[in-house]
Amino acid sequence: MKSEKYTKIFEDNQKWLESRNARDEDFFENLYNQQNPEFLYIGCSDSRVPANIITGLDVGDIFVHRNIANVVSNNDMNLMSIIQYAVEQLKVKHIIVCGHYGCGGIQAALEQKSFGLLDSWLKNIRDVYRLHYSDLKLLTNEQDLQDRLVELNVIEQVENVIKTAYVQKSYVKNKFPTVHGWVYDMKTGKLKDLDIDFDKKLKKVQLVYKLE
Ligand code: CO
């Protein structure tokens, strides 16, 4: 049984394509022939954090990967393939890791219990917690702890992106892409740039993970 909301998707799609065609009759034809996005976005799967809507970017502007709690793991062949393709073929100028306050994945990682299959995924976040344990244990307020882990997770995943050979090789050759960390506040709709100093981060990462 198709719900009203389900059926409406196709009605809205028809209205949308008609309005795009009215503005520019070559719009779909041009996009079909090539994509040239400037951004690769790695964010959380959470339905309340849609990449195109929060950034205001249009069709064709942003290459997107989303998973639980915006994790960048070097044994995730899906994401590693996306990073390679985005860097080598699409030649994106910016890679963004975007976390969000109130992230269910971060909250789950802070709970001291098993979530079954999800445990192996949450381990990536628990590793971030372990790396920053001495600072995080000072936060006695649960909300402060969650919020800080959201930010530290973004920073750590930015480093994981920089650890890939594709990013380092391209940056040496082309001076792009640079990698950024953002946090989205679901309560207010505000997007915050953590202003990570890319060159400084790259130097730090390359002390151990130099893969040029
Ligand atoms: Co989330």
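**Exercise 1. Which residues of helix α10 (residues 198-209) are buried, and how are they arranged around the axis?**

Solution. 
- Step 1. List the buried positions of α10: Phe198, Lys201, Leu202, Val205 and Gln206.
- Step 2. Look down the axis. These buried residues stay within an arc of 130°, so they line one face of the helix.
- Step 3. Turn to the face pointing away from the buried side. It carries the exposed residues Lys200, Lys203, Leu207 and Val208.
- Step 4. Find the cover. The buried residues of α10 are covered by elements including α8 (142-162), α9 (165-174) and β4 (178-185).
- Step 5. Check the start of the helix. Asp197 caps the N-terminal end of α10. One of its side-chain oxygens lies 3.3 Å from the backbone nitrogen of Asp199.

Keep in mind throughout that this is a predicted model.

**Exercise 2. Is Lys201 buried or exposed, and which side chain makes a polar contact with its side chain?**

Solution. 
- Step 1. Lys201 sits in helix α10.
- Step 2. Apply the cut-off. Buried means under 20% relative accessible area. Lys201 has 15% relative accessibility, so it counts as buried.
- Step 3. Find the partner. The side chain of Lys201 makes a polar contact of 2.9 Å with the side chain of Glu159.
- Step 4. Glu159 belongs to helix α8. Glu159 is buried too, at a relative accessible area of 7%.
- Step 5. Lys201 is in contact with Ile155, Glu159, Ile162 and Ile196. On the same terms, Glu159 is in contact with Lys201, Lys204 and Val205.

**Exercise 3. Which residues are the protein donors of the cobalt ion, and how are they spaced in sequence?**

Solution. 
- Step 1. Name the donors with their atoms: Cys44 (SG), His100 (NE2) and Cys103 (SG).
- Step 2. Give the distances. These atoms lie 2.0 to 2.3 Å from the cobalt ion.
- Step 3. Write the spacing. The pattern of donor residues is C-x55-H-x2-C.
- Step 4. Cys44 lies in strand β1 (residues 39-44), and Cys103 in the loop between β3 (94-100) and α5 (104-110), so the pair ties together parts 59 residues apart in sequence.
- Step 5. Check burial. Cys44 is buried, with a relative accessible area of 6%. Cys103 is buried as well, at 3% relative accessibility.
- Step 6. Follow the chain onward. Leu57 comes 13 residues along the chain from Cys44, and their C-alpha atoms are separated by 17 Å.

**Exercise 4. How many residues make up the largest nonpolar core, and which have the most contacts inside it?**

Solution. 
- Step 1. Give the count. The largest nonpolar core has 43 residues.
- Step 2. Name the residues with the most contacts inside this core: Leu40, Ile83, Ile95 and Val161.
- Step 3. Find the main contributor. Helix α8 gives the most to this core, with 8 residues.
- Step 4. Take Val161 as a case. It touches Ile42, Val72, Ile83, Ile95, Val97, Val167 and Val179, not counting residues up to four places away in sequence.
- Step 5. Separate the other core. Apart from the largest one lies another of 10 residues, among them Phe39, Tyr41, Ile62 and Cys98.

**Exercise 5. How many helices and strands does the protein chain have, and what share of its residues counts as buried?**

Solution. 
- Step 1. Count the elements: 10 helices and 5 strands.
- Step 2. Size the chain. Its C-alpha atoms fill a box of roughly 60 × 50 × 30 Å along the principal axes.
- Step 3. Sort the contacts by sequence separation. Among contacts between residues at least 6 apart, 64% join residues at least 24 apart.

Technical notes. Residues numbered from 1 in each chain as written. Predicted model: local features only at pLDDT ≥ 70, side-chain atom pairs only at ≥ 80, totals over all residues. Heavy atoms only, no water. Donors = N, O, S within 2.8 Å, 3.2 Å for Na, K, Ca; no water. Helix = DSSP H or I, 4+ residues; strand = E, 2+ residues; numbered from the N terminus. Buried < 20%, exposed > 50% of the residue type's maximum accessible area, 1.4 Å probe, protein only. Arc of directions from axis to C-beta. Contact = heavy atoms within 4.5 Å. Polar contact = N/O pair within 3.5 Å; in protein donor to acceptor, adjacent residues only side chain to side chain. Core = buried A, V, L, I, M, F, W, Y, C linked by side-chain atoms within 4.5 Å.
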